[in-house]
Structures are given as structure tokens and as C-alpha cells.
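Hi,

Here is the structure I said I would pass on.

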Number of protein chains: 2
Amino acid sequence: MSETRLWETIKREYVIDTPYLRIRKEKVRLPNGQILGDYHIQESRGWVAIFCKTLQGEVVLNWEYKHGIGRYVLELPAGGLELSETPVECAQRELLEETGYVAQSFEKIGTFVIDPSYVDGLMHFFYCKNARPEGKKKIDPREKIKNRLVSVPDLIALIRTGKIEVMGHVAAIYTVLDRKGLWEKKF
Amino acid sequence: MSETRLWETIKREYVIDTPYLRIRKEKVRLPNGQILGDYHIQESRGWVAIFCKTLQGEVVLNWEYKHGIGRYVLELPAGGLELSETPVECAQRELLEETGYVAQSFEKIGTFVIDPSYVDGLMHFFYCKNARPEGKKKIDPREKIKNRLVSVPDLIALIRTGKIEVMGHVAAIYTVLDRKGLWEKKF
């Protein structure tokens with residue numbers, strides 16, 4: 001389909017600029033000529049999530065308090081890209097820091113748009129297997145993570161019962177299960 | 001697992017407060033006593049997405065420019081909750097406004113956490129079938145949406161090839177396909 005109707009940015013300024021959050025405000029002209037004075041965009045280097053299977057075939061999950069939603073959530077190991085870091089480097093670092101596991105190779109499975117109206121970054125997700133608990137966890141002081149190992153059928157049950165409920169993680173887990181042939185089409 | 005390690009909010013103030021974006025800054029005390037001076041949280045009434053099948057069994061998609069990511073994306077009909085609106089009311093309104101379709105009943109399939117570190121809202125997704133193009137689209141002036149009708153196999157192909165790439169929509173589509181028995185477990 002056509003992609004001709006882009007918006008034109010007339011002016012931009014930063015309204016929040018911290019190490020964890022950077023938001024710019026744009027004045028934009030729509031294709032119909034209308035001007036919007038305060039369109040906010042969150043600038044993001046993006047983040048990664050890792051579907052990591054251990055030597056025993058279990059999947060590594062994190063159980064962690066998150067202050068935006070104000071409660072504990074069950075997720076894949078994940079984290080934001082640091083400056084000058086590639087997605088795969090970020091995946092290796094986050095897996096080690098958050099779980100202590102290391103793996104020989106990280107397979108890139110896909111990339112998602114995080115929030116197309118508001119965020120300019122992408123989410124990248126990786127698959128690794130035969131991971132070993134060789135490293136020592138190095139947790140960010142803002143994070144206190146408990147790890148949990150689950151079988152693939154248990155992982156699917158956690159998704160189906162809403163125990164794994166964070167949007168990007170649900171999307172990544174279903175996609176990995178699909179691409180790795182753990183689901184079958186009916187038709 | 002235990003849920004004892006919550007953070008304590010000591011102070012809060014609004015740093016952005018517009019009709020489309022509201023962000024508060026909190027001063028918080030972590031369980032280890034550490035103080036964070038500027039933890040930002042986006043306040044959100046949440047949003048909905050609708051997996052809508054027509055009388056012919058096709059799924060209704062939107063093709064729309066989104067200025068956060070700066071390009072066109074293919075998504076389910078979706079939108080943010082208005083003040084005092086329930087999720088199902090929002091789903092009915094958004095489907096009509098964005099596609100002109102109406103359906104007898106909307107089945108709630110699930111709820112996702114949007115971004116647990118940063119956003120306090122939820123995403124709700126609905127399933128409806130036998131929808132008819134009875135209404136007239138009422139597009140927000142900031143939106144210019146083209147609708148596209150696809151078969152379920154084509155929808156799965158769009159997911160698998162990354163043509164549908166927005167995190168929350170991928171999560172909702174896989175979940176609906178799974179709950180509605182369009183996928184089978186191998187094990």
C-alpha cells in the first residue's frame with residue numbers, strides 16, 4: 001500500500017532528558033496541512049529479550065518488581081541497549097547479568113516495533129540453547145531478580161493463564177515457539 | 001514467589017501533562033534503602049485492540065502512518081481509552097471509528113501489561129466475529145487509516161514474515177489464534 005502520507009517535523013525540542021528517559025516534543029505538519037504543536041516522542045535505543053534454554057531444556061525466566069505497574073511480573077531476561085552496544089551484545093550482557101547463564105550462540109529471531117505512535121525504538125529478541133550457569137549475576141542496584149526455570153509446556157501454560165502478561169514478552173515467546181516448530185497450524 | 005520487595009514512593013510531581021501524554025516523576029525508596037530521585041512513570045488509561053472477523057471470515061486490519069516510528073505499520077484496529085470509558089466500550093467505538101464495522105458481541109480475550117517499568121496502564125484485547133460494515137468511519141484528524149481484509153492464513157503469514165511487527169498487536173494476534181484453536185501444540 002502507498003506510503004506517501006508522512007508527517008513533516010517543523011520544530012523539535014527536548015522536554016525530558018535523563019539517562020533513563022528522553023522525550024522530545026515536535027511541532028508537526030500533517031498531510032492535510034493541520035499543525036500539531038505538541039507531539040511527544042520517546043527516544044529509545046531499544047531493548048532486547050532472550051528466550052534462553054538450558055542444557056536441560058528449561059527456559060530461564062525472571063521474577064521481578066517493576067515500579068511502573070507497581071507489582072511483580074514474570075518475564076524473559078531482558079534489558080535496554082547501552083550506548084554503542086549492538087542488540088546481540090546487549091542480549092549476551094543482560095542474560096549474564098540477570099541470570100548468570102552463558103550460551104555459545106545467540107540466534108536473532110525477530111524485531112518488534114515497541115509503540116509506533118510514541119516510541120522511536122525497536123525491541124529485538126534472541127534464542128539460545130544449551131546455556132550453562134557459568135557466570136555470576138551482576139544486578140543493577142535498581143533490580144532484584146529471582147530466576148525461575150520452566151519446561152516449554154509449563155511456559156505455554158504460563159502464557160495461557162496470563163501469568164506471563166507483559167506485551168513484548170508474550171509476543172516474543174509466541175514467536176519463538178512458532179518459529180521453532182513448537183506449534184502447528186491446523187489448516 | 002514472594003512479593004515483599006515493593007518500592008516506596010516518597011514524592012511525586014507531574015513533568016508532562018497533556019491530553020495525549022501524562023508523566024509523573026517520583027522520588028522512591030528501594031527495599032535496600034537506596035533513594036532514586038527521578039523515576040518517571042507514564043500514566044495511561046490503557047488501550048484496546050480488536051481481532052474482528054467479518055461475516056466472510058476475514059480479519060480487519062489497519063494500515064496507518066505512525067509518527068513515533070516515522071513510517072506505516074499494519075495493525076489491528078486499536079486505540080486509547082477515553083475518560084470514563086470501559087475497555088469494551090472503547091473497543092466498540094474504535095472498531096466503528098477506524099473501520100466502519102459493527103459486531104453483536106465483543107469477547108474479552110485478555111489483558112497485557114504494556115511496559116511494567118515505565119507505564120501504569122493495561123492493554124485489553126477483544127475478539128468479535130460476523131462483523132458487518134454498517135457504520136461510517138469517523139477518523140480522528142490525526143489519523144488516516146486504510147483498512148485491509150485478510151484471511152486467517154494470510155494473517156499468520158503477515159505475522160511470520162514480520163509485516164505485522166508491532167509488539168502488542170503480535171501478542172494479541174497470537175493469543176487469539178491460540179485461544180480460538182487455530183494453533184495446535186506439538187507435544
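A:Arg160 and B:Asp178 form a salt bridge, with their closest N and O atoms 2.7 Å apart; the term stands for a side-chain nitrogen of Lys or Arg within 4 Å of a carboxyl oxygen of Asp or Glu. Two salt bridges are found across the interface of chain A and chain B. Between these chains there are also 20 residue pairs in polar contact, both residues at pLDDT 80 or more. (A polar contact is a pair of N or O atoms within 3.5 Å; within protein, one must be able to donate a hydrogen and the other to accept it, and residues adjacent in sequence count only if both atoms are side-chain atoms.) On the side of chain A that touches chain B, the largest share, eight residues, comes from helix α3 (residues 167-179) of chain A.

Before going on, a word on the ground rules. This is a predicted model, where local features need pLDDT of at least 70, side-chain atom pairs count only at pLDDT 80 or more, and totals for chains, interfaces and linings use all residues. Residues are numbered from 1 along each chain as its sequence is written, chains are lettered from A and ligands numbered from 1 in the order in which they are written, and side-chain values use heavy atoms, with hydrogens and water left out.

Back to the interface: chain A and chain B each give 75 residues to the contact, which here means heavy atoms within 4.5 Å. Together they bury about 6700 Å², 64% of it on carbon and sulfur atoms. That area is the accessible area (1.4 Å probe) that two parts lose on being put together, summed over both.

Chain A itself has three helices and 11 strands. These are DSSP runs numbered from the N terminus: helices are H or I with at least four residues, strands E with at least two. Of its 187 residues, 51% count as buried, that is, under 20% relative accessible area, with exposed over 50% and partly exposed in between (1.4 Å probe, protein chains only).

Which residues of helix α2 (residues 152-160) of chain A are buried? They are A:Val152, A:Leu155, A:Ile156, A:Leu158 and A:Ile159. Seen down the axis of α2(A), they fall within an arc of 155°, so they line one face of the helix; the arc is that of the directions from the helix axis to the C-beta atoms. At the start of α2(A), a side-chain oxygen of A:Ser151 comes within 3.1 Å of the backbone nitrogen of A:Asp154.

Cheers
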